[in-house]
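I open this notebook to record what I looked up, entry by entry.

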Amino acid sequence: MNVFIGQILPYVAVTVFLGGVTWRIWRWMIPQIVHNITLSPWPKSWSAAIVWILWQLATFWNLLKFDRPLWFGAWFMHIALFLMLVGHVLAFYTLGLQFHILVPGLITPELSLWLSFWFGTVLGLIFLLALLYLLGRRLVNEPVRAISSASDYVHLLLLIGIATLGNIMRIFPEYQVGYIPVREYLAGLFLFQPHPMPDSLLFLAKYTLVMVLMIIFPFSKLMHSFGFFWERWIINRPFHEPARGLPGAGVQLPK
Amino acid sequence: MSEANGLRQPKRATADLFLKLGVVPVPDGEKAAAAIGHLDEFRTKVRSFVMAMESCVKCGACAENCHTYLGTRDPNNIPAGRADLIRKVYKRHFTVQGKLFPGLVGAQDLDLETIEKWYSYYYQCSECRRCAHVCPFGIDTAEVTMIGRQILFWLGIGPQLHTATSGAILKTGNHMGLTQAGMVDTLDFLSEEIEEEYEGLKVTFPVDKPNSDVLYIPSSADFMLNANTLKGAAMFLQYVGANWTMSSRITEAGNFGYLMDQNRVMREMVTRLMEETTRLGCKKIVWGECGHGWRATKMYVPTMSDMPASRKIPMTHIHDEVEAYVKAGLLELDPKRNARKITLHDPCNYARACGHSDNMRVIMNAVVPKGAFTEMRPNREANFCCGGGSGILFDDKKMYEYRILASNKKAEQVRATNAEVLCAPCSICKAQLYPMVKEHKLPVEVVGLVDLVGNALVFRD
Ligand code: HEM
Ligand code: SF4
Ligand code: SF4
């Protein structure tokens, strides 16, 4: 079992994830943008369009403007998720020394470990709370409940499961799994030189859930992370107005 | 089948009408399979449709931002719920998860009952695109509505109103079925009215005048219901000394094809437009007050028409031209003539699809006295639809009641401004707002914007 989850499933998950995402995007590229259906006021140029799209991405601007309660849950959840993903990569790669490596003059290795620990813990808690809030909203808010199907809850529960396990491993010292055994294990996967998984049931459970998430990702609404760009590329594009003025009229506009 | 399961549905067109539009209605037993076939074609053609199908997260941000849901509290009128009527079927047939776990992801087979729901809910959507404006991804449910309506049309299902109107377009070149003789009569009458109202001012309305520089496309409703709009446009064009004409073959700023059949009927309208500019020797097309029709022209002609003229002919809206003349200081205007407290309804197609929020305000501020104009909130591209968008101006009892419900939000907005005049420069808005004002007991008069321009212009000889 451990061999399957530790040494086989990861490759399956990564393959399904990358292959699935590529397949979905490839299928989006087949249909065309038939007519210019940009939303006005439209951007004046392509660069303005891109700035607007990135602004929407970074701030969840539309939610902030039109659905403030949702923005609270959604923005904090996504920001925490994004920073934690980055944090995972950096912390396991540098064993928690990422801040020291970034600003060596100011931050000692000890301080970096401390920062890494607190950043991770706080973000993990924000992530979990935001997810619980979103779950509550989905159950309580009448229209949202009406448009939800079972899978919408499954995604939230899966993320809540991952977040809860992660938080337990972080907050309770007796369940902690250090950076080093994880890095050794992951390095083994990358180098195709199998190395045993860290010996922890919690780690096993969380790790399995993450791989399940990766496998369902391309076949679920989680593809919205890529869909965002494809949809906005259709809806936020420039349009060029024809010149004003009536040919042949007695009163002409100044040139 | 009619009025299936107590659904709100507009009166249907007969098979006969469909045959006249070149559609052979599909028998009930074959409808589902035919519809799936069409969906399969659309998903390889229209990306906006595929993205709406595949990237909604069911966050519900669109719900409270759609006037149809606000008016009815019906979950199928939530934009995401409306799209779901097709999305469920789409998932079942075209996605891995829907094929393997239909129950889990909410995928469903298509049956006649669902097709009846399509007919009900795709004709409650006004294609106003407020959902696209507020959705964090920009998912445009109007794109789904358009495809829903197109498939229904191919199956032989559509409202009497849209189908008959499309028939009238093909026959006479306008929605109202006006003939050239009838048109000239009405226009003579309008000339006389202007003469009486403005101290002997002589304004002519040329029709089919060869070698005109400008082709003006009025809404056919302006010949009867909104005559002041047509008068205002003619007065402006005469004021600046334009060499202009209307065409009796395309006396229609609207385009019901765009609202139901974006293939044969919409293309026919576009083709006529190009033919007439060539026939009458025009160098520019100027559009009258009509929201959906202007979008269908401004945004779709470049990619839809393959007539030679479409590559060359510039097209603007009358508001664009008036705005430019106002800004250049070339019009002498007397705002005191429009001295009542006024508010402006931004037609959805102008504000969210055609980039018109500014020009309407430049004009408004030039033709009414300082302080007379109050904005309603929200406004511009965040404005709410009047409730009649996409031509859902049905008269049958249930649908009429629906129209009034769908205008609840608009009525609330108008009331809050305390205005005496409601300016709504779009034919469909006007046709919706006349009854809305009555049913909601709002003490306002509904007018167009060019009306006010005509009224304020100071003619000197
Ligand atoms: C480009 C990246 C992304 C963008 C712009 C984005 C944007 C959004 C937005 C605007 C919402 C709607 C608000 C909400 O319901 O919370 C949403 C929902 C959601 N997102 Fe993302 N997202 C991104 C990436 C991700 C990723 C990578 C995941 C998870 C692996 C994810 C998981 C979710 C989930 C589970 C929901 C539903 C929340 C709920 O049920 O209320 N998102 N996303
Ligand atoms: S706002 Fe957009 S993503 Fe959210 S439910 Fe509506 S259509 Fe779907
Ligand atoms: S286009 Fe307008 S009416 Fe239709 S679903 Fe969107 S917001 Fe509602």
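**Entry: second largest cavity.** I started with the residue classes of this lining: eight nonpolar, seven polar and no charged residues. The model I am reading is predicted. For the volume of the second largest cavity I noted about 110 Å³. Its lining comprises 15 residues, and closest to the centre are Asn349(B), Gly389(B), Ser390(B), Cys426(B) and Cys429(B). I then asked which helices of chain B each supply at least two residues of this lining. They are α16 (291-298), α19 (348-353) and α23 (427-439).

**Entry: confidence.** Before going further I checked the scores of the prediction. Chain B has a mean pLDDT of 95, with 99% of its residues at 70 or more. For the complex, the predictor reports an ipTM of 0.94 and a pTM of 0.95. I keep one caution in mind: where pLDDT is low, the predicted coordinates should not be read in detail.

**Entry: largest cavity.** I counted the cavities of 30 Å³ or more and found five in the structure. The largest of them has a volume of about 130 Å³. I listed its lining, which has 16 residues; nearest the centre lie Cys56(B), Cys62(B), Ala80(B), Cys135(B) and Ile139(B). Which helix gives the largest share of this lining? It is α5 of chain B, residues 79-94, with four residues. By class I recorded 13 nonpolar, two polar and one charged residue in the lining of the largest cavity.

**Entry: ligand 2.** I looked up where ligand 2 sits, and the place is the largest cavity. Around ligand 2 I listed Cys56(B), Val57(B), Lys58(B), Cys59(B), Gly60(B), Ala61(B) and Cys62(B), together with Ala80(B), Cys135(B), Pro136(B) and Phe137(B). The shell around ligand 2 divides into nine nonpolar residues, one polar and one charged. Cys56(B), Cys62(B), Ala80(B) and Cys135(B) are in this shell and are also among the residues nearest the centre of the largest cavity.

**Entry: ligand 3.** I counted 13 residues around ligand 3, the closest being Cys66(B), Cys125(B), Cys128(B), Arg129(B) and Cys131(B). Two or more residues of this shell come from each of α4 (67-72), α5 and α9 (130-134) of chain B. The classes for the shell of ligand 3 are five nonpolar, four polar and four charged.

**Entry: second largest pocket.** I noted a volume of about 500 Å³ for the second largest pocket. Its lining has 21 residues, and those closest to its centre are Lys44(A), Glu241(A), Arg244(A), Gly355(B) and Asp358(B). The elements giving two or more residues are α18 (318-327) and α20 (357-367) of chain B. Of the elements, α18(B) gives the most, four residues. I recorded nine charged residues in this lining, with six nonpolar and six polar.

**Entry: sheet.** Last, I traced an open sheet of four strands in chain B, ordered β2-β1-β3-β4 with parallel pairing. Strand β1(B), residues 214-217, is joined to β2(B) by two bridges. I looked up the partner of Val214(B) in β2(B) and found Trp244(B).

Definitions and conventions
Residues numbered from 1 in each chain as written. Chains lettered and ligands numbered in written order. Predicted model: local features only at pLDDT ≥ 70, side-chain atom pairs only at ≥ 80, totals over all residues. Heavy atoms only, no water. 1 Å grid on protein atoms, 1.4 Å probe; cavity = no way out; pocket = protein on both sides within 12 Å on 5 of 7 lines; lining within 4 Å. Points joined across faces, edges and corners; volume = space filled by probe spheres on them. Nonpolar A, V, L, I, M, F, W, Y, C, P; charged D, E, K, R; others polar. Near = heavy atom within 4 Å. Sits in = over half its atoms within 2 Å of the grid points. pLDDT = per-residue confidence, 0-100. Pairing = 2+ DSSP bridges.
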